[in-house]
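Student: I'd like to learn how to read charged side chains and strands in a model. Could you walk me through a case?

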Amino acid sequence: MADGAGDDLFKELWRLCAGPLMDVPCVQDRVFYFPQGHIELLPEPTEQELRQMKNQKSPKYDLPSKILCRVIDVKCLAEMETDEVYARITLQPSSDNDPLDPNPICSEKPKQKFYSFCKTLSTSDTSTHGGFSVLRKHANECLPQLDMTMENPTQELVAKDIHGVEWKFKHIYRGHPKRHLLTTGWSAFVAAKKLVVGDSFVFLRGENGQLRVGIRRLNPPQSPTPSSVVSTQNMRLGVIVTASHSVMTSTMFVVYYKPRTSQFIVSLNKYIDTMNNDFKIGMRFKMRHEGEDPLDKRFCGTIVGVGDESREWPNSQWRSLKVQWDEPATMQRPDRVSCWEIEPLVTSPLNMIQPMAKGKRSRHAEASSSAASGSKESQVATIWHPPHLNGNGNSSQDLKNNKAVVPAGPAGEGPACDHNEDGKKGMDCWLFGVNLTSSYSNVVTPLEKELWCEASTILHCGPKESIIVGACEIEKVQSLNNHSLSNKQGHVPSMRTRTKVKMEGVAVGRAIDLTTLNGYDELIVELEKMFDIEGEIISQKKWAVTFTDEENDLMLLDDDLWQDFCKMVKRIFICSKED
């Protein structure tokens with residue numbers, strides 16, 4: 001067992017290194033063990049082994065696809081060579097084949113308070129001549145306090161890693177603007193741990209002042225058993241034989257479980273909750289993934305098939321859902337998932353009135369007001385479930401009567417935006433920042449077809465001062481804006497001036513144009529208006545504003561000059577003060 005495995009500080013460091021998707025059961029919990037998922041993690045058979053398997057008749061075992069077990073013991077461990085964390089879990093098959101009562105809530109609480117942060121490494125963090133940049137918020141909350149009366153405040157930090165090995169770092173506050181840095185000792189740590197861009201550095205301080213450091217790799221290393229030691233086929237048979245023997249004799253067996261690889265041990269509580277979702281073909285879902293960004297990612301998709309992944313495991317719920325993802329991604333995502341890995345994506349129809357910002361009226365609105373002279377203007381934006389193009393791919397429209405109708409679905413469904421009832425031109429109809437009234441053609445382009453995803457999307461009938469889009473679709477929205485401008489002007493448009501904004505707990509993202517603002521005060525006012533939280537950011541009691549730069553470093557707002565901020569900002573996050 002790794003050094004300090006019995007204390008709270010080690011357990012907390014192990015949890016942080018395991019990542020936000022960690023799901024390791026508590027002792028005495030009941031879980032479902034899926035041997036099919038366990039086997040999936042073993043190395044693929046070699047060509048020679050495949051040929052041998054064809055000539056041999058594999059023995060059959062009467063083993064169910066899922067086995068209800070009770071957790072007897074859990075040991076938190078880490079690979080010596082890679083620092084990759086894993087758990088040694090002892091299970092005992094249970095005789096209760098149809099459980100209904102969920103597990104009691106795990107009441108184990110740490111005996112002390114912890115202070116920690118986790119940062120994804122940028123190019124500058126992993127360079128041999130540089131240091132590690134610490135966000136001011138993280139330095140103030142997690143690092144031992146510096147003596148700011150010194151001309152160049154510095155101190156030496158001594159921290160243990162997950163194996164109990166000590167590492168020394170020089171903590172200094174310097175630069176323009178001044179930043180907290182770990183310098184001397186950092187390059188040695190990077191080299192020894194073989195860290196690369198995208199890996200994460202974990203720092204932990206306990207109430208007693210003890211320091212711990214750990215890592216969470218972007219791509220968890222695989223450590224298969226060499227084929228010269230034991231064949232893949234024998235390893236697979238070993239899993240089946242062990243589980244089968246334990247079921248028949250009701251004896252304990254041991255499983256080595258990596259929480260970042262595959263959820264083949266599922267809590268009974270999670271399983272019961274999942275069964276209430278009743279996933280079917282055509283249902284929309286979202287799934288959490290670890291990503292390069294400071295926050296974990298959620299990708300959206302559609303269930304396109306339900307059935308067994310393997311003939312060897314009939315009626316198995318393991319990866320029984322075939323899925324199609326809404327958009328491409330740099331990370332690898334499975335084309336089949338298990339129902340407990342995903343959540344339903346709720347996109348019920350909404351009817352929303354999007355009011356214009358006070359004191360701001362576009363030329364489109366002014367012209368509409370004078371021309372209509374008292375006629376009613378439709379400002380209702382509708383989200384339809386699900387949006388579709390009609391069969392021939394064309395849009396249903398009557399622009400001569402000043403009505404723009406976005407392509408409808410098979411039942412006549414489809415987002416529509418009517419203009420003035422008296423036939424005179426009213427407000428323009430904008431979709432994702434594109435004027436449908438003036439630029440929408442009868443032929444729908446492939447790029448526009450791609451946009452019809454059921455992610456939360458809000459249409460705004462009126463001037464394009466307010467662009468509100470679903471978090472899953474913001475990249476596609478920008479692509480459509482660029483595509484439309486290219487068609488109108490005949491050239492590639494300039495770089496976008498809008499910056500993405502995401503608020504914790506709000507599924508719908510926003511975009512803001514920083515070039516129209518003159519400083520942080522105006523930015524905060526606009527953010528509060530954008531999310532209807534006037535006074536809650538400026539008071540600094542409930543919300544905090546952070547942002548990421550091009551290297552995905554997470555920083556607090558107001559740490560830099562406004563001009564520098566506008567140049568480096570990539571995304572803006574509004575997070576709760578607790579986070």
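Tutor: Gladly! Let's start with a definition: a salt bridge is a side-chain nitrogen of Lys or Arg within 4 Å of a carboxyl oxygen of Asp or Glu. This is a predicted model, in which local features need pLDDT of at least 70 and side-chain atom pairs count only at pLDDT 80 or more, while totals for chains, interfaces and linings use all residues. Residues are numbered from 1 along each chain as its sequence is written, and side-chain values use heavy atoms, leaving out hydrogens and water.

Student: How many salt bridges does a search of the whole structure find?

Tutor: The search finds 14. One of them joins glutamate 79 to lysine 258, with the closest N and O atoms 4.0 Å apart. Glutamate 79 sits in the loop between strands E2 (67-78) and E3, and lysine 258 in the loop between E11 and E12 (265-267), so the pair ties together parts 179 residues apart in sequence. Helices (H or I, at least four residues) and strands (E, at least two) are DSSP runs, numbered from the N terminus.

Student: Is lysine 258 buried or exposed?

Tutor: Buried means under 20% relative accessible area, exposed over 50%, and partly exposed in between (1.4 Å probe, protein chains only). Lysine 258, at 18%, counts as buried, whereas glutamate 79 is partly exposed at 25%.

Student: Which side chain meets lysine 193 in a salt bridge?

Tutor: That of aspartate 83, at 2.8 Å from N to O. This pair links lysine 193 in helix H6 (residues 186-193) to aspartate 83 in the loop between E2 and E3, 110 residues apart. Lysine 193 and aspartate 83 are both buried.

Student: What about arginine 336, which is buried yet has no salt bridge?

Tutor: Its nearest side chain of opposite charge, glutamate 309, is 4.9 Å away. For charge, Lys and Arg count as positive and Asp and Glu as negative; His and the chain ends are not counted. The arginine 336 side chain does reach two backbone oxygens: that of glycine 307 at 2.7 Å and that of arginine 319 at 2.9 Å.

Student: And how do I read the side chains along a strand?

Tutor: In a regular strand they alternate between the two faces of the sheet.

Student: Where does threonine 90 stand?

Tutor: Threonine 90 stands opposite valine 254 in E11. Strand E3 (residues 85-93) runs antiparallel to E11, joined by five bridges; strands pair if DSSP finds at least two bridges between them.

Definitions and conventions: Polar contact = N/O pair within 3.5 Å; in protein donor to acceptor, adjacent residues only side chain to side chain.
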